[in-house]
Amino acid sequence: MLKQLIARAATIVSIFAVVLLGSGNAFAQNQAISGKVLDAGGQPVIGAAVMVPGTTNGATTDLNGNFSLRVAPRTILEVSCIGYTTIRVSAANGMVVTLEDDTEMLEETVVIGYGVQKKSDLTGSVASVRSDDLQNRSTSDAAAALQGKAAGVQILNYSGAPGQGAAIRVRGYSSNSGNIGPLLIVDGLKVDNIQYLDPSMIESMEILKDAASAAIYGAEAGNGVVLITTKTGASNNGRSSITYDGKVTIQSLAHLPGVMNAEQFIDFKRMQDYPIDDMLANNGYSTNPIDTDWSKALFENGIAQQHALTFQGGNNNGHFFVSLNYLNNNGIVVGDKDVYTRLSTQINADYNIKKWLQVGTNNSIEKWSTKSVSHMSETNSVMMAVIQNDPLTPVYYDKVEQMPTHMQLVYNNTPGESAFEKYNGPDLITQAPDGRWYAVSRYSDNDHGSPLIQLARNNQTNEGMTLRGSLYANLMPVKGLTITSRFGYRLSYSNGHNYSTPYWANTMAKATEYSISANANTGLYYQWENFANYNFNLGKNAFTVMAGMSFTHNKSDNVNGSATGPDILSGYEPNFRYLDYVNSNSDTKKTIRNLPGESAQLSYFGRITWSYDNRYSLQANFRADAFDSSKLSAQNRWGYFPSFSAGWTISNEPFFKNNVGRSAVSFLKIRASWGQNGNINVLNNYPYATTVSYNSANYEYGPTAEKSYGSQPNGLPNPNLKWETSQQIDVGLDARFFNNRLTLGVDWYNKDTKDLLVSINPVPEIGVSSTTVNGGNVNNQGLEVELGWKDTVGDFKYSINANFSTLTNKVTYLDPNISRILYGSYYVNQLRTAFEANYPIWYMYGYQFDGIAQEEIRDAAGNVTHKPGDPILHDFTGDNVIGEADKTYIGKGIPDYTYGVTINLEWKGLDFTLFGTGVGGNDIFPVLYRTDRPYVNTLEYYHANSWSPKNTNARFPNPAAIKNDTQFWASSANIFDGSYFKIKQIQLGYTLPSNITKKILINTLRVYVSLDDFFTFTSYPGLDPETATTTNAQQLGVDLGTYPTTRKVVFGLNVNF
Amino acid sequence: MKKYFIPLVLAVAGLFTVSCQGYLEIPQKGVTAYEDFYNGSDESAEGALVAMYARFASNIARPNGEAIICPYIALFNLPGDDVYAAGEFYGDNDFNGQINEFRFDANAQLVTSMYKGFYQMIYGANLVIDNFSEVNSTVAQRCVAEARVLRAWVHMMLAIGWGTPPLVTHVLDGAAKPYNCDLDPDNPMSHNELLEWCAKECLEARGSLRERTSKNDKDGVCYITKGFADFVAGKAYVFAGKMNEAKAALKPLVSSDKYDLAPAERMRDTYHIVGEHNEEVIFTSNLNNSSSTDLGKSVWMHQDIWGWRMDHCAGQPASIKGGWGGLGVREDFAKALVANDGWDSPRRKAWIRQFDPEILYDMPYNTDGSKTLADKKKADDRGIQTYLYGQSEYLQYKRVCDNADMDNWFSTIGVLVARIAEAYLLYAEACAVTGDSDGLQYLNKIQDRAGSLHRSTACTLEEVKNEKRFEMFMEGCRWADQVRWGDTASLVDNGKRVPQLYDAYWVDKEPEHRIYVVDQHPNAGKTVGFQTGKHELFPFPGAAVIAINENIRQNPGY
């Protein structure tokens, strides 16, 4: 849109130039010729200047792209228009000149929050990802599509489960809380997620990385800001078009989990000194050997299909864009228990009602539903079950006699004998659809019985609908001034239903009661923003001034009901499984809950930019934010966030221009910025307030007295509590070389976040045992490099873009009242993650493994402390006892560096894309070995790399010595390198020649095939290093058995009419 | 266009000045605002006071929710010269053992827990005092007075334990870093001045307090009364060495007809559910009678640790509840008590029991049937099958729980804070030091009730010391008195020798039960026992206080 404005302005300027400077003499000597200037799409270019170089003789094209002037034949004419590449052609009457889009110019403007800016004027660090880079990806999540595309932006794909949203981290990890995602703004509207947004609807994504750029969003910008602009139809250059994009994806398990087969399992149990041979004999294993691969029982090929139909069009007065998008992703778990469906619509329109008034609207309607399986949990996890179920157990029992005794007792309803006293019978044993029963291990009870039982029991559905949108009016009363009033809204509802029945798998995996629950959630959010942008020039000084205010209000409401008990419904057929049919038995426990929530925010903001002669730029931002009383006290609610930045375009300096050719260095700019941002998300639920827990205490004034009730504050007031604040310095360089073929961007930043919220034990004399204070600082530092090369050789076009970023993360301060904050606990080992000064945030806190004892080790008194094959854990306290005090840093989940490479090739109609991304320097800690259950399976890696008298040079100690050792299993021996490189996309496309497709009224027709997430290079022996983590920010790199990223084959079709 | 210009600019200017500040006020759900609750009404004063008592009761029983320990009872009794920290074996529940044997450091769990618990009580009192001192109503003034006395009592106990603890007279904010009372830049107070401050607080508050109505008033010992104010004032003065002031403060209490010693046959009841609120009691934390309704206030370890270790025995007397045998009686104390009181005195019988013959044969067993003494001597239903670590041949009986005291595993007996006998003894001491013979009658009163062979004829300090050692056994006085009197010689060997009790019938296969002691030396090679210049005071908690508050000076030796 800006491009058009600039083009129009240029037209006016050039017409003036022609009129003022035009020489009447030339007319007589030369003959009159006329011609037409068109763009690449065959549409007329209005206001293009057609000049004889070095003279003042020239003309400007009219509304139909026509021009006429007098020149000598074969005179060279220069045809130029802003937004198009300037070309020289020789003059001829009736000539038709086609101007190519100036791609450099297309990338010139970036969205910066309440405005746009020419990229060459940018003084902050803004990563910009364009629609080209987001096209034809198999991911349906806008956040996931960003992966590997911008330096300093890390995308965490927590799992490959359908509907799992990816998380974005901009420049590191700044908070001990879980709230470290960036602020997300779509078309000016603050949104809660961008999973609803299909990448194909996006025109551009801008990531405001440095604090100076993000400061315009103040207290919410501490973790970066992602600005997304959806397509408007404007970029179509006024052409109307209909586009269909469709793809079908076949997905499968990327690589089989490396768990032990039957032979390895039996051998490992022998190494562990478990009486496996007795167990095998008792179960008649030799006559009926079994070797079950549980991953084959649980996984199948999943199909996902996606269809998008887009209509767009426009003219000088307005634009229209509608896109319909349907997605159905049935994941790789057998059956239809992991499905994500989404139907979404984007409707964007704008229109110039008057010369001075433009109105517009952007809207998205999303309807979604998910069914998901359990994972990322030590217990009741389908994914964990695949790893841990022993291979000696079949998948099904055909006959009751095959069941273990405990199961038969339940099945046969044997009174007094079975583990269930009241509830017995065949119904409790889970049946497969074909009538067989799901088998459970005879060797070991575990938390899930069989993954298929957990799958069958899982009847959880969630669905909902969200409307997001905005209405705006741009008022342009005088030249250069645009006043915008914008109203944005989000309306959402979601419903969840859950139903589960009593069942028996074994003593650990069982349920004695039915349970049913339902919930309904609604949300209403709106924002109202008013701001004005004013551009004006004074000589070579160009100014932009912006000022505005914003008010947001958010309300949520919910109703939640559930019932549990041995007999809860009046009937159990599917059409009775609703809360309405819950009975009133005395042992039916019912709960109802409702708690509406509300929040509000008021902000004022402004920006001044000044640039001089396209050489020097300065920018200052300021924002004042106030939040409602649920976050901050009235006297403390306002926060002020300033920022400053400056840029120097060296390549526009005369000394540079005169000495360095554009063909060598086309563009060179250095820039620096400083700014302050906040993170308000950590403050919720009146953390500062002194409130009184009413009648929460009681005392009896006498041996027979009734209770008297009393009240007291529920904690220590802390009216000074404030948000986390980040200060960031950024120094950057942008350069282009060799006629813009090589582009380079380098940024270094240093970001200090202070005032993290920490729960501490204050001095005991206060009399309150714990309180929350601002008591932690974190530093993030990094270097970001983006490098690109593009060129054309004949018909062959190619480009390579790469980005690389480093991250050094360190906690620099923690309140002295607390030595470290520990998170998480596992009942199979003693690992914790810790937040502590001078270490990376949430590092892995365990025991240091000093190796394996190869011979007997004795203490001073002569007692044997280690036998050969035993693990040696480092005794930091020197007290000959390994205990909590001997724990230390053993690893971290944060990568030292992340990178991405994209290669695009085009030759005639063929196009090829190769895109890969990777991380390095991070650790993974698998919690996939159980110290508490002897006969569960685990990674084959542990078997293959274990010490034995014959294999003394092994990574892991004697399995017998560590089988129940919760300290060893929390040691650095179990830390794995988490580095990986993944080829996310290999796509080959073919566009049919337009002279063929035009005959069937199709502009372009492209078919493609793509291999997504197909190849992973890693040394990690678990399922998938990319998803080997929990979604907790506090547990990064802890692998609790996660739904892996799937390997996808994509067949796609793009049609444009 | 121009005609629109001015209205447009005005409209836009209007948009920019939109103020939505009112929308930012969103009241919190499910709570009452601080100002709304502490509104000066009598109702809110009473509510705040209930919260203070609830806080006091839970923190005296199990501070910080730690169920495993009861530091108020343990910390002030274990360093005395009359008990052993016992248990199943050496190191079992070592948080007790390290106190008894003077092996504790600044991070000792009992020390830290009690210190925190005391200040939590002070916080509850200060919430009442800060919010209602200025309220001119009888109820509010009475509530403030009760809070002031409780706060004074806690500061007195802190002064006894820690010497110069911070004086906290207001609700502190989260950033506060208080000073030792003698280092406080604003209002420095020595140890003795702090104790005098405690006494004065009580005397000032006294006028607004209620009074126990009679010896039978059981409610009047569950809250703070004039009687308790006098007790705290008197005790604080005695510990400050202000004996004339102590006498003046205590005289109304010791001469009051609202308190009295229970008759000899009921003297053990005072420590058990049957006599929990009897005539002797001045103030008790009124723990809830049912653990199931309020676990937070009931004491678990009181029973478990100090009950006799009956699972090492073949059987047990019917009336008592077994436990983990965490407390033993020192032989020298037991023998002195027997010598002083006589074997048959009611006090000896109520306080300690000899394993042979009393526990073995005299106390009824459910399995007794028609067994004669001769039968019992050879019976398999009794005797020590393995051993009792840390036990001499006398077992503590005074505070071992009866079955009736228990609700499930929890003792529901309130923690006794002040008893009239201590007031008599404090008064007698003040008289002895000032040469006033008025104290003798109270000394004799105790001796007469005890049925003691020894009856004082003069009120001397030696007589008071002797009597207090026996009468206040296991009531948290001994170590503090020994330190105050400088009588710590009998503590220097604590932990060097620990007796272990055996029964020859079971261990040596003798035909009849025979109890004998084998000495253990579990701390051989370690430094144990009372060290002068160090163990007169507890340490300020290391990690919880010293490490995070540079304004606190650690006590000597830690």
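**Figure 1. A network of salt bridges in chain B.** In this predicted model, a network of salt bridges links B:Glu280, B:Asp341, B:Arg347, B:Lys398, B:Arg419, B:Arg449, B:Glu467, B:Glu471 and B:Glu475. Over all chains, the structure holds 84 salt bridges, and the views that follow show individual pairs.

**Figure 2. The salt bridge between B:Glu201 and B:Arg151**. The two side chains meet with a nitrogen-to-oxygen distance of 3.0 Å. Because B:Glu201 belongs to helix α8 (residues 191-205) of chain B and B:Arg151 to helix α7 (residues 138-162) of chain B, the pair ties together parts that lie 50 residues apart in sequence. B:Glu201 has a relative accessibility of 8% and therefore counts as buried, and B:Arg151, with a relative accessible area of 4%, is buried as well.

**Figure 3. The salt bridge between B:Asp381 and B:Arg382**. The closest N and O atoms of this pair are 2.7 Å apart. B:Asp381 counts as buried at 13% relative accessibility, while B:Arg382, which has a relative accessible area of 0%, is likewise buried.

**Figure 4. The salt bridge between A:Asp277 and A:Arg270**. In this chain A pair, the closest N and O atoms are separated by 2.8 Å. A:Asp277 has a relative accessibility of 38% and so counts as partly exposed, and A:Arg270, at 42% relative accessibility, is also classed as partly exposed; buried would require a relative accessible area under 20%, and exposed one over 50%.

Terms used. Residues are numbered from 1 along each chain as its sequence is written. Chains are lettered from A and ligands numbered from 1 in the order in which they are written. This is a predicted model: local features need pLDDT of at least 70, side-chain atom pairs count only at pLDDT 80 or more; totals for chains, interfaces and linings use all residues. Side-chain values use heavy atoms; hydrogens and water are left out. A salt bridge is a side-chain nitrogen of Lys or Arg within 4 Å of a carboxyl oxygen of Asp or Glu. Buried means under 20% relative accessible area, exposed over 50%, partly exposed in between (1.4 Å probe, protein chains only). Helices (H or I, at least four residues) and strands (E, at least two) are DSSP runs, numbered from the N terminus.
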